Structures are given as structure tokens and as C-alpha cells.
Amino acid sequence: MSELHAENITIVAGDALLVNNVSLQIRSGEMVALLGPNGAGKSSLMRALAGIALPKAGRVIFDERDVSSASVEWRARCMTYLPQQRVLAWPNRVRDIVSLGRFAHGAAMGRLNDSDARIVDKAMQDCEIDHLGNRSADTLSGGEQARMHIARALTAQSKLILADEPVAELDPRHQLSVINVLRQFVQAGGGGLIVLHDLELAARYADRLVFMKDGAIVAEGAPEDVLTVELLANVYGVEASIKNTETGLSLTIERPC
Amino acid sequence: MRYALVPGLLVASLISLFLACLLGSTPISAGQVMSAVFGLSDASVQIIVWEIRLPRALAAWIAGAALGASGAALQGLLRNPLAEPGVLGVTACASLGAAFTIHYGLVAVFAFALPLGALAGALAATALIAFAAMKNHSSVALILAGIGLSSLATAVMALLMNLAPNPFTLSDMINWMLGSVANRSLADIRLSILPILIGMALLYSGRRGLSALTLGEEAAMGIGVDVKRVRILIVLGAGLATGGAVALAGAIGFVGIAAPHIIRPFVKHDSGRALVPSAILAGLILVLADIGVRLLPTTSELKLGVVAALLGAPVFVWIALQRRGLHE
């Protein structure tokens with residue numbers, strides 16, 4: 001049972017307070033959606049959790065170890081961070097990019113031993129990109145690229161995936177397929193923290209929603225408990241109506257308030 | 001293809017070195033070259049091969065290899081196809097160091113003053129940039145610092161030229177900057193081989209991280225790359241290798257940026273795997289260009305840097321136009 005604890009995280013950039021005293025926990029077998037308007041501090045928090053950026057105050061503990069003092073490899077074996085920005089510098093082959101997920105396990109790009117190769121193949125099948133292995137990554141559509149990076153994250157076989165807007169710019173079908181892959185990862189015992197902007201998607205697939213606004217967490221809990229008209233007005237500044245239907249919550253944004 | 005690339009380039013390099021010993025104003029047969037290589041021929045052939053042609057060809061190959069590896073590594077590190085060995089200011093500072101020794105007439109006092117001056121300039125620049133790489137977390141800042149350092153060194157050099165005591169000094173400086181391996185001896189090679197070897201070893205040790213940097217620095221950190229360590233390895237490695245190359249052959253442009261681009265498609269655009277073949281190819285290009293320099297019947301000998309750029313630039317433009325845009 002793995003657990004990520006973030007305690008009293010504060011992040012500043014220059015004079016700006018990006019994240020203000022935030023505490024958060026993610027357990028294995030749990031998918032947490034991180035929600036909030038642009039500029040709420042979601043990505044900054046994510047980077048601190050991944051150990052990429054050092055918070056000004058607070059600490060991040062994974063499996064009882066302080067992430068900031070751990071080695072980069074150890075961190076990468078524990079958790080996989082998928083940043084928002086995913087442009088490749090070179091037109092690499094898709095399979096080579098997926099195989100980079102094995103980096104922290106000692107594999108070099110494109111040179112895999114049998115067990116690494118099997119893991120890469122499996123991840124590519126799970127993300128429905130096994131037919132694209134030899135394609136140059138710059139020829140892929142947005143949806144295919146997103147799935148390539150998810151496959152790369154699965155290939156790392158870490159205990160936790162931190163994904164910053166993994167379904168941004170995807171069509172509904174591909175959004176669902178990416179979310180389903182992440183759900184399977186969580187059902188198999190992994191943990192997931194995913195930045196989303198689609199509230200319905202979050203309510204349907206996440207076990208817990210965390211809402212941020214102005215660098216702080218303003219609400220946290222199971223979707224049916226936290227997702228209220230008042231909260232949406234407070235967090236996003238919109239008037240919305242929420243209906244409980246058989247397939248989940250149905251949400252309509254009416255107007256800015 | 002993949003497995004034949006490095007051996008193929010090595011064989012081609014050996015052939016080019018052999019040709020460099022063979023061709024020239026004094027005709028020497030292939031058999032004589034072979035026996036000279038093993039120390040079995042008569043004294044005059046022995047001298048031509050061992051003290052004139054082979055050192056010169058080796059110097060071209062070694063300088064090329066250092067520039068090719070540095071260019072490939074810096075392109076990978078900075079994720080920028082425009083990066084070249086001089087991008088961090090090392091070439092300009094090495095040139096400045098050399099120009100100092102010419103300006104103040106140190107060359108006349110001590111034969112190795114010039115390459116040592118170049119090395120000193122390169123080491124100072126490398127130390128500065130490595131320090132910047134440790135303090136700063138952005139590659140863009142590194143490029144900007146390099147450009148600043150380069151401009152400063154170029155400005156001081158222009159000042160030295162401006163204040164040149166006589167036309168000969170000025171012409172020496174300009175000639176040296178054009179880049180050449182004429183009259184290089186094994187002693188010259190011995191002087192710069194150490195920084196080049198150390199530099200290339202540092203570059204090689206960073207290659208796995210270079211491959212991963214295609215993802216971007218954040219994502220690379222996310223998969224377990226110690227980006228800071230890779231950055232320092234590559235900056236130090238490229239600085240030492242480039243500095244050694246400039247000390248040996250002057251400021252030779254172009255091969256350092258072109259060779260990696262020729263190699264990339266053959267190594268599936270893996271920056272790490274591009275290192276070794278880029279080095280060998282750049283060495284090969286310079287040896288061939290230098291054979292051209294020696295054979296061309298011009299009144300004053302053309303400079304290697306000039307010929308390398310003249311031959312290579314059109315090829316490079318052609319290759320660049322074949323490159324598919326990343327986001328088309």
C-alpha cells in the first residue's frame with residue numbers, strides 16, 4: 001500500500017504565491033481528480049508533488065520517504081509525472097518514446113531487454129497504439145500523441161501517475177479511452193492524480209475530487225458530496241445546474257455569475 | 001544499417017587517412033605508405049608520412065571528431081537543431097586566447113604559446129558556462145549566456161585586431177581564425193588530445209540522458225533523468241572537446257552542426273546514439289576536406305575551415321530542406 005503525503009506545501013514564484021499551504025494525500029487504488037480554474041496552482045502543486053520543483057515550504061512524503069531528498073531514479077520508479085507540455089525535440093519513433101518509460105529501470109532508448117520489451121508492448125496495446133510503433137512521433141494526431149505518453153507512463157510501472165491534463169485537446173472517444181487506461185492502472189493497485197477540466201468526466205471516473213482556487217484547496221471529497229452549485233459558483237464563477245441521473249451527475253453550465 | 005553505421009564510418013575514416021598519406025606533392029605509392037606506417041620504408045618517405053602527412057590528417061580527424069561529438073551533444077542538450085560547438089562561447093574565447101598570444105608576440109618566444117592560449121581561453125569559457133549551468137535551471141539562459149560570452153570575446157578580439165601592432169600580426173590572427181591543420185605535428189596533437197579525450201568521455205557518459213531529453217526537461221526529470229547532472233556533463237564535455245579542437249586546428253565552423261544532422265536519420269533521431277557516428281563522420285569530412293586543400297593548385301594554400309564550409313554548406317542546406325517540419 002503506497003501513499004503520497006503532501007504536507008503544507010507553499011510555492012512562490014517571485015512575488016506571486018502560487019500554492020498556499022496545501023496538504024493532500026493520494027493512496028494506491030484511488031483516482032483523484034485535481035480541478036480548478038486556470039491559474040489555481042494545479043500544475044505548480046503537481047510539479048512539487050513529482051519532486052520536479054522544490055516548494056518554498058512543506059514536504060512531500062512517498063512511502064515514508066521525503067521526495068526532495070530522494071534520488072531522481074527512485075522518484076521516477078515510485079511515481080510517473082506527465083507534464084502538460086509534450087512537444088518532442090526530435091522526430092523519434094513512437095516505440096522509442098514509449099520505451100523511455102523504462103529509463104529509471106536502466107534501459108536506454110530503443111535498446112530493451114526482453115522483459116522491458118514485453119512491458120513496452122503491453123502498454124502500447126493497452127493504449128491502442130501498437131500499430132504505430134514504427135511511426136515517427138511527429139506524424140501522430142493529438143489523440144495518438146496523448147496515448148503515446150500515457151503508454152510511456154504505464155511502461156514505467158510506477159505506483160503513482162501524476163498527469164497534468166492528459167485528455168486536453170482530445171475528442172470524446174479518446175478522452176474516454178485515456179481515462180479508461182488510467183482507471184485500469186488504478187484498479188490494478190496504482191494511484192492516480194489527474195488534472196482535469198471536464199467536470200462530468202471527473203465526477204464519473206474519479207474516486208475523489210480536489211478543487212483548488214487561488215493556490216489553496218477549497219473543497220475535497222467524493223464527487224456526489226462536493227460537487228454543488230455553490231461550489232461551482234465559488235470556484236469557477238459560473239451558474240450551473242446539477243442533476244443526478246442513472247449514468248452519473250449531469251452538469252450544465254448556464255452563465256457566468 | 002543500424003549496426004553497420006559506426007564500423008562503416010570507421011573503415012571510411014581509415015581509408016581517408018591512408019589516402020591523406022598517399023596523396024600530395026611528392027608521389028608516394030600505396031606500398032610505400034604501408035611500409036612507412038610500420039616503420040619499414042626509407043627515411044625520406046618515413047619523414048613525409050610520419051612527420052608531415054599523417055599528423056596533419058590525424059589532426060584534422062581528431063579536431064573534426066571533437067567538433068562533431070560536441071555539436072551532436074549540444075543539439076541534444078539544448079533541444080535545438082541550430083546548436084553548434086561554439087554556441088556556448090567556447091570557440092570565441094579559445095580564439096581570443098590564441099589572438100592574445102599572437103598580438104603580444106608570445107608565439108615567437110614559445111612555440112606552443114598559441115595552442116596553449118587557445119586552451120586557456122576555452123577552459124575559462126567552459127568554467128564560466130559550467131558555473132552558469134549549475135546556478136541556472138534553464139537551457140535558454142544557457143544559450144543566452146553563451147551568446148553573451150561569445151559576443152564579448154569577439155568584441156575583445158576585434159579590439160586586438162584594431163590595435164594590431166603591424167599588418168603581419170593582423171594577418172596571422174585572421175589566418176589562424178580561418179582554421180587549418182597545415183604543419184601540425186604529433187606534438188601539437190599530444191597537447192590537445194587530453195582535453196579532447198576527457199571532453200568526449202564526459203559527453204559519452206551523458207548520452208542516455210541526451211536521448212531522453214527529446215521529451216523536454218520536465219518530462220525527462222519525470223522519467224528519472226538527472227537533468228542537472230546531464231547538463232553539467234555536456235557543458236564541460238563540449239567545452240573541453242571544442243577547446244581542444246580549436247587549439248589544434250583553429251576555428252573550424254560548420255562540421256560541428258552539419259555532421260549530427262546527417263547522422264540523425266540513421267540513428268532514428270536518438271541524440272545519445274548520434275554522438276559516436278557524428279564524431280566519426282565529422283572527422284572523416286575534415287580529413288577529406290584537408291586532402292582537397294592540399295591537392296587544389298591554388299597560389300596560396302586554402303584554409304581547411306574555408307574549404308570545409310564551401311563544400312559542406314550546400315550539402316547542409318539540401319539536407320535541412322529534406323527535414324520534415326515537426327508540426328506540419
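How many residue pairs are in polar contact across the interface of chain B and chain A? Notes on that and a few other spots follow.

1. Ground rules. This is a predicted model, where local features need pLDDT of at least 70 and side-chain atom pairs count only at pLDDT 80 or more, while totals for chains, interfaces and linings use all residues. Residues are numbered from 1 along each chain as its sequence is written, chains are lettered from A and ligands numbered from 1 in the order in which they are written, and side-chain values use heavy atoms, with hydrogens and water left out.

2. The B/A interface, polar side. The rule finds eleven residue pairs in polar contact between chain B and chain A, both residues at pLDDT 80 or more. A polar contact here is a pair of N or O atoms within 3.5 Å; within protein, one must be able to donate a hydrogen and the other to accept it, and residues adjacent in sequence count only if both atoms are side-chain atoms. On the chain B side, α3, α10 (207–212), α11 (217–222) and α14 each supply at least two of the residues that touch chain A. Helices are DSSP runs of H or I, at least four residues, and strands are runs of E, at least two, numbered from the N terminus. That side of chain B divides into eight nonpolar, twelve polar and eleven charged residues. For the classes, Ala, Val, Leu, Ile, Met, Phe, Trp, Tyr, Cys and Pro count as nonpolar, Asp, Glu, Lys and Arg as charged, and the others, Gly among them, as polar.

3. Chain B puts in 31 residues and chain A 32, with contact meaning heavy atoms within 4.5 Å. About 2,900 Å² is buried between the two chains, 58% of it from carbon and sulfur atoms; buried area is the accessible area (1.4 Å probe) that two parts lose on being put together, summed over both. One salt bridge turns up across this interface. B:Glu218 pairs with A:Arg47 in a salt bridge, their closest N and O atoms 2.4 Å apart, where the rule wants a side-chain nitrogen of Lys or Arg within 4 Å of a carboxyl oxygen of Asp or Glu.

4. Domains of chain A. The assignment gives domain 1 (3–220) and domain 2 (227–257), with bounds from an automatic or database domain assignment. Their C-alpha centres are 27 Å apart, and 13 residues of domain 1 are in contact with ten of domain 2. The area buried between them is about 1,000 Å², with 68% from carbon and sulfur atoms. In domain 1, A:Leu199, A:Glu200 and A:Phe211 lose the most area to domain 2, together 45% of what that side buries. The count of salt bridges between these domains is zero.

5. A:Asp164. This residue sits in strand β7 (residues 160–164) of chain A. A:Asp164 counts as buried because its relative accessibility is 2% (buried is under 20% relative accessible area, exposed over 50%, partly exposed in between; 1.4 Å probe, protein chains only). Its side chain makes a polar contact with that of A:Ser43 at 2.7 Å.

6. Helix α13 of chain B. Eight of the nine residues of this helix (residues 255–263) are buried, so the rest of the structure largely encloses it. The cover over those buried residues includes α1 (5–22), α3 (43–78), α14 (271–295) and α15 (304–322) of chain B.
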